[in-house]
Amino acid sequence: MESQDDPKPGADAHEPVHPDIYGEDGVIRASFLAHIGAAIADRDTLTLKQDVSHLHQSELGDLLEALLPEQRRALVDLLGADFDFSALTEVDEAIRLEIVDALPNAQIAQAVQELDSDDAVYILEDLDEADQNEILAQLPFTERIRLRRSLDYPEESAGRRMQTEFVAVPPFWTVGQTIDYMRDDQNLPDRFSQVFVIDPTFQLLGAVDLDKILRSKRSVKIEEVMHETRHAIPASMDQEEAAREFEQYDLLSAAVVDENERLVGVLTIDDVVDVIQQEAEEDLLRMGGVGDEELSDTVIDTSRSRVPWLLVNLATAFLSASVISMFGATIEEMVALAALMPIVASLGGNAGTQTMTVTVRALATRDLDIYNAGRVIRREVMVGLLNGVVIATIIGLIAGFWFQNADLGGVIAAAMVINMLAAALGGILIPLFLDRLGADPAISSSIFTTMITDVIGFFAFLGLAAWWLHLGYPPA
């Protein structure tokens, strides 16, 4: 029985075979990785070109991430002109810089000429300014100006993510002229879904979908079938805001305009999907206090990104410890408190994290704003109160039976209700406060929320216990 990966009988022995490089778990097959590794070690250029050059850019990106650093550089060298540089947009920044830094600028300049402008900018934007200038100087004038204009826009803006290749025609052209133009011009983008309509100064007048062009007679003027571009995106707009426009209006592509409303590029759905994924990962990492860390980062870089927030966490931990130290005598008198304190802190911290996560995500998606904030705050307070009563009842009964002390069960139950309310309020008010200040609530909300629940939880629990003992009730 023939293997799926074996060549068909009678096929040319040198004809490339296109096996599925992924296993059932979605990871590159170990056999394929070993095969490529052996070809690299043997410097078998023919095998590499047959088995690698046909891969999609995302597949090649996964392969690069799976290879060892020295294998990556060797693979790029051996493939030469057959290496698809667009694959570098699919790998971690550290791997991309590692590969690019090992290549001469002349080779990079030659490669970026074959890329779409958005992919070229994605690679160039991480390079030093001197290397950028040297590479751009080797490009044709028109392409150099386009890439330089994109690089001049702020990082993570629509101008950085846009593609400067687009199709634009004047309004007085007919549908027939437009179709002939699209058939004859060799410099048009490979894929597009809209034709933009501009005046002589490149002011954006409107757009025509391709299906509308195909359904119209050749003699019809473009201005008769075009529609106004209602969702033109300013080049300076943050890429997350641009992605939100795509999500809200179900766009496949959108015109990008400069401050004078002149057409400068187009943003497409494939780039927006990357932006959405990037922003989601960024928010998730920031909530964990690890910044923009990537798996390919070095030990030093990883440590440097984590230490600052660990130091902040250390300061808040000392604040919690100072609260505990205030009740040292109470803990000595009722040692069971020391065993129960972690429960109060843990449950309060988890409850606060739940509320904070929902709040940060709602702020990021604009589902939470000034108009519904009051209602959401009231809801979270009621949820905190309800959950507090449920958890307090359970932990109160367990603590009472465990230490044979009903009073102690009542103390921890009351403290749990207070801490769950504090967790609910802290989890929603801290992100809202940081957002109002213009700070990113995903970065530091978790640390401050945990600080609130720890401080209030310990203070409520130990304070109530001290008050209870002060009334003369016997300790356990």
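A surface patch here is made of residues with over 30% relative accessible area and no salt bridge, with nonpolar side chains joined within 5 Å. In this predicted model, Leu386, Val390, Ile394, Ile398 and Trp402 make a nonpolar patch of about 520 Å². The briefing also covers an open sheet of three strands, in the order β4-β5-β6 with mixed pairing.

**Nonpolar patch**
- Tryptophan 402, one of the patch residues, lies in helix α19, which spans residues 373–402.
- Tryptophan 402 counts as exposed because its relative accessibility is 53%, and exposed means over 50%.

- The edge strands, β4 (233–234) and β6 (263–268), each pair on one side only.
- Strands β4 and β5 pair in the parallel sense over two bridges; isoleucine 233 has valine 256 in β5 as its bridge partner.
- Strand β5 (residues 253–257) runs antiparallel to β6, and five bridges join the two; alanine 254 is partnered by leucine 267 in β6.
- A hairpin is formed by β5 and β6, with five residues between them. In its turn, glutamate 261 has a positive phi of about 65°.

**Cover of the sheet**
- Helix α14 (residues 239–249) packs on the sheet and touches β4, β5 and β6. The direction of helix α14 makes about 65° with that of β6.
- Strand β5 is mostly covered, with five of its five residues buried.
- Both faces of β5 are covered: Ser253, Ala255 and Val257 are buried on one side, and Ala254 and Val256 on the other.

Definitions and conventions: Residues numbered from 1 in each chain as written. Predicted model: local features only at pLDDT ≥ 70, side-chain atom pairs only at ≥ 80, totals over all residues. Heavy atoms only, no water. Pairing = 2+ DSSP bridges. Helix = DSSP H or I, 4+ residues; strand = E, 2+ residues; numbered from the N terminus. Contact = heavy atoms within 4.5 Å. Axes fitted to C-alpha atoms, helices over the stretch in contact; angles between N-to-C directions. Patch = residues over 30% accessible without salt bridge, like charges linked within 9 Å, V, L, I, M, F, W, Y side chains within 5 Å. Areas by Shrake-Rupley, 256 points an atom, 1.4 Å probe, with all protein chains shown as cover. Salt bridge = Lys/Arg side-chain N within 4 Å of Asp/Glu carboxyl O. Buried < 20%, exposed > 50% of the residue type's maximum accessible area, 1.4 Å probe, protein only.
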